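Please read them with the structure open.

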Amino acid sequence: THFGYQTVDVEQKQHKVADVFHSVAAKYDLMNDVMSMGIHRLWKRFTIEMSGVRPGHKVLDLAGGTGDLAMKFADKVGASGQVILADINASMLNVGRDKLIDRGYGGRIEFAQVNAESLPFADNTFDVITIGFGLRNVTDKEKALASMQRVLKPGGRLLVLEFSKPELPLLSKAYDFYSFNLLPKMGKLLVNDSDSYQYLAESIRMHPDQETLKSMMLAAGFDEVDYQNMTGGIVALHRGFKF
Ligand code: SAM
């Protein structure tokens with residue numbers, strides 16, 4: 001694409017992503033905690049803080065998986081608000097639904113099986129949209145961003161929480177070693193699935209860096225796009241408004 005990152009065979013990528021998330025769904029939460037040493041909780045908490053969510057808001061947690069962000073939003077929007085947990089993958093949605101019901105969120109969060117590239121919602125629907133560790137799995141990211149821009153209300157904001165590019169070369173080296181050597185081994189050891197964690201490492205390396213993603217969001221029509229690095233840029237939170 002003109003943003004200069006690698007393109008892959010579209011169908012092949014979609015199948016791979018579907019396989020990976022069907023395969024990791026049952027152990028997804030456990031692996032998240034282990035692999036990030038619990039830090040993903042802080043990244044998510046910060047995302048909620050930056051979302052500006054208020055009682056009565058309509059929130060879309062896209063690529064929401066097992067619902068960590070959706071639950072936090074449900075606590076914030078109150079009875080007059082609405083939270084939709086949307087994901088393309090039925091296995092992830094099922095695990096998410098069971099967990100949310102167990103924790104007393106049944107009835108407070110709606111579920112939708114959707115593709116981020118073609119969101120089945122009316123224009124100007126949501127006050128807040130989040131996509132947490134999801135965008136890098138989406139094949140046509142430009143199309144997905146345009147779709148999010150369309151369904152966001154004027155005055156609303158999009159938060160993209162995603163792995164990004166570490167700021168310091170030394171951190172970058174250590175992180176590469178961690179992702180390409182330790183991660184697949186941990187995947188093998190803990191859930192007997194090194195392939196999925198190999199995919200994870202590769203998808204992180206191929207994902208657009210901070211400035212590239214910012215340009216993509218501007219190109220999709222978002223205004224005042226900025227980002228904040230977390231954990232040395234291993235993760236970045238991009239924010240864009242619709243005016
Ligand atoms: N947001 C959750 C979190 O932060 O824990 C889950 C993130 S998980 C790493 C990525 C999710 O993106 C998976 O549940 C996957 O099914 C979903 N996904 C991948 N491609 C998608 C697409 N095109 N549309 C919607 N969801 C997608």
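1. A word on burial comes before the residues. A residue is called buried if 20 or more other C-beta atoms lie within 10 Å of its own, exposed if 12 or fewer do, and partly exposed in between, with C-beta atoms placed from the backbone. Asn124 counts as partly exposed because it has 13 C-beta neighbours inside 10 Å. Asn124 lies in the loop between strand E3 (110-113) and strand E4 (126-132). Its phi is positive, about 55°, although Asn124 is not a glycine. Helices (H or I, at least four residues) and strands (E, at least two) are DSSP runs numbered from the N terminus.

2. On the source: residues are numbered from 1 along each chain as its sequence is written. The model is predicted, so local features need pLDDT of at least 70 and side-chain atom pairs count only at pLDDT 80 or more, while totals for chains, interfaces and linings use all residues.

3. Asn192 also has a positive phi, near 50°, in a residue other than glycine. Asn192 sits in the loop between helix H7 (169-191) and helix H8 (194-206). With 8 other C-beta atoms within 10 Å, Asn192 is exposed.

4. The unreviewed UniProt entry annotates Thr66, Asp87, Asn115 and Ala116 as "binding site". UniProt positions are given in the numbering used here, feature names are shortened, and annotations may be inferred rather than shown by experiment.

5. Where is Thr66 found? Thr66 is in the loop between strand E1 (58-62) and helix H4 (68-77). Thr66 counts as buried because it has 22 C-beta neighbours inside 10 Å. Leaving out residues up to four places away in sequence, Thr66 touches Tyr28, Asp29, Met92, Val95, Gly96 and Lys99; contact requires C-beta atoms, placed from the backbone, to lie within 7 Å.

6. Asp87, by contrast in setting, lies in strand E2 (residues 82-87). Asp87 is buried, with 26 other C-beta atoms within 10 Å. Again not counting residues up to four places away in sequence, Asp87 touches Ala63, Gly64, Gly65, Met92, Leu93 and Gln113.

7. Which residues come nearest to the ligand? Of the 20 residues around the ligand, these are Ala63, Gly65, Asn89, Ala116 and Gly132; a residue is near a molecule or strand if its C-beta atom, placed from the backbone, lies within 6 Å of it. The shell has nine nonpolar, eight polar and three charged residues. In that count Ala, Val, Leu, Ile, Met, Phe, Trp, Tyr, Cys and Pro are nonpolar, Asp, Glu, Lys and Arg are charged, and the others, Gly among them, are polar. Helix H1 (10-24) and H4 each supply at least two residues of the shell.

8. H4 is mostly covered, with eight of its ten residues buried. The buried residues are Asp68, Leu69, Ala70, Met71, Lys72, Phe73, Ala74 and Val77. They pack against helix H3 (40-51), E1, E2, helix H5 (90-102) and E4. Just after H4, Gly78 takes a positive phi of about 70°.

9. For H8, the length agrees with expectation: at 1.5 Å a residue, its 13 residues should span 18 Å, and its end C-alpha atoms are 19 Å apart. The expected span of a helix is 1.5 Å times one less than its number of residues. Ser196, Tyr197, Tyr199, Leu200, Ala201 and Ile204 of H8 are buried. The buried residues of H8 pack against H1, strand E5 (152-163) and H7.

10. Why is strand E7 (residues 235-241) largely enclosed by the rest of the structure? Six of the seven residues of E7 are buried, so the strand is largely enclosed. E7 pairs with E5 in the antiparallel sense over seven bridges, where two strands pair if DSSP finds at least two bridges between them. Val160 has His238 in E7 as its bridge partner.

11. Strand E6 (residues 223-230) also pairs with E7 in the antiparallel sense, over six bridges. The bridge partner of Asp223 in E7 is Phe241, and Tyr227 stands opposite His238. E6 and E7 form a hairpin with four residues between them. In the turn, Thr231 has a positive phi of about 45°.

Notes: Contact = placed C-beta atoms within 7 Å.
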